[in-house]
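Here is a short briefing on one protein chain. Look through the sequence and the 3D view before reading the points below.

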Amino acid sequence: MRLPRTHRDDVLIAAAGLACGLLLWGFGLYTQGPSSPLPDGPVVLVPLVAMTSLALVRRTMPRTALLAGTVAVVGDQFTRGNLMTVVMFADIVYAAVVYGPPASARRIPVTTGLITIAVTLGFLAWFQEPEALLIGVVTALITFFPALTGAVVRNHRQAADTARLRAEQTALLAEMDRRQAVIAERSRMARELHDMVANHLSAIAIHSTAALSLDDPKTSRDALGVIRENSVDGLAEMRRLIGLLRDTSGHDEPAAAPTLDGLDALVRQAGLNGAASGLTFRLVDDRAPGADPLPAPVELAAYRIVQESLTNTLKHADAGEVTVALHSADHGLTVQVTSAYGSRPGPRAPGSGAGLVGMRERIALLGGVFEAGPAQERGGRIWRVRAELPVAEDDKEPSA
């Protein structure tokens, strides 16, 4: 069995106690008179050596040290007595409470208090003199008060450990909140960047491919015109986003966000971009004229959904009509975009699926319903994107 390693402070306490005890013995200073049961001589050093040896394990084996120390201090009463033996025993009682298990820390102060009362009453009944109370005071000084001091110190240490643990947990929660905020902000920035730029880049890719594929000067000029227009618009959007990211002024005022009033221009731009692919675009808005404006997050989400859906039609839709429909109801706003579905010949822009992911995330943040996929109608197979954006009554903005 491997014994636990002795703490450096315990070695210093044991050495100091042994040195002081030997010094007292050398000067012939004892705690009792010459009428002790055991004869004078080195026998008084036996309890002292035993007690200082136990001080080496006061921190690692506190209960064992307390039990053996009790035997040693009782044995010291049968000799002339050494003051350092009693002092070292008081330190062992203190260490048993501070470093011992919780059960010992609760029981030792109560036990030493009862022992002090019992010793005081016993000697008072035996001697029947007031001086017998001094024996009770000495007993309390070497047993009860060290145990009580140890209990106070242990409680303060436990309170400090609890406060430190609470502070670490708070710091951990704060770090987790910070990371979640960073992740959420990065996701929002990715959605905004994709929705703002993907439409322009898709049109550029389609028209540049058409210009390279068709040997027609007029078609090439038209394609280059569309490419330039989308390049300028895309560059403006990128500069606006970069400006927002670099803004360190600390202003809390939100930047201007697109609203549903800009859908007409968005659909017209999509018509210009998709004309070469045989696409026509139509906006159907059955919202009541003069109705209260919707909350800004709802209008932004609806605008981005239409924008991304139009971008996808430029990439993948067959030639035909693309319908953008807005329907206002009591529960909120419904946005639906339908287009012809099939295998379209001619140039296409590559897609990664990030657009559908971004639309689902936007709707999920608002607690709405999102559907995207092929469907069957009388005119044939279509691709339908449908989003239901809920609006609570207390969220509606008053009209100006």
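Helices (H or I, at least four residues) and strands (E, at least two) are DSSP runs, numbered from the N terminus. On that basis, the protein chain has 10 helices and 5 strands. The model is a predicted one.

**The chain as a whole**

- The protein chain has 400 residues, and 35% of them are buried.
- Among contacts in the protein chain with a separation of 6 or more, 74% are between residues 24 or more positions apart.
- The protein chain exposes about 23,500 Å², and 62% of this comes from carbon and sulfur atoms.

**Nonpolar cores**

- In soluble globular proteins, nonpolar side chains tend to be buried together.
- In this model, the largest nonpolar core is made up of 29 residues. The residues with the most contacts inside this core are Leu263, Phe281, Ile305, Val306, Leu310, Leu333 and Val335.
- Leaving aside residues up to four places away in sequence, Val306 touches Leu263, Leu266, Val324 and Val335.
- Another core, of 22 residues, lies apart from the largest one, and its members include Ala72, Met84, Ile92 and Ala147.

**The largest pocket**

- The volume of the largest pocket is about 920 Å³.
- This pocket is lined by 27 residues, and the closest to its centre are Val73, Phe89, Thr139, Ile142 and Thr143.
- Two or more lining residues come from each of α3 (62-76), α4 (83-99), α5 (102-127) and α6 (132-213).
- The largest share of the lining belongs to α5, which supplies 9 residues.
- Sorted by class, the lining has 16 nonpolar, 9 polar and 2 charged residues.

**A residue to look up: Gln128**

- Gln128 sits in the loop between α5 and α6.
- The phi angle of Gln128 is near 55°, which is a positive value in a residue other than glycine.
- Is Gln128 buried or exposed? Exposed means over 50% relative accessible area. Gln128 has 65% relative accessibility, so Gln128 counts as exposed.

Key
Residues numbered from 1 in each chain as written. Predicted model: local features only at pLDDT ≥ 70, side-chain atom pairs only at ≥ 80, totals over all residues. Heavy atoms only, no water. Core = buried A, V, L, I, M, F, W, Y, C linked by side-chain atoms within 4.5 Å. Buried < 20%, exposed > 50% of the residue type's maximum accessible area, 1.4 Å probe, protein only. Contact = heavy atoms within 4.5 Å. 1 Å grid on protein atoms, 1.4 Å probe; cavity = no way out; pocket = protein on both sides within 12 Å on 5 of 7 lines; lining within 4 Å. Points joined across faces, edges and corners; volume = space filled by probe spheres on them. Nonpolar A, V, L, I, M, F, W, Y, C, P; charged D, E, K, R; others polar. Areas by Shrake-Rupley, 256 points an atom, 1.4 Å probe, with all protein chains shown as cover.
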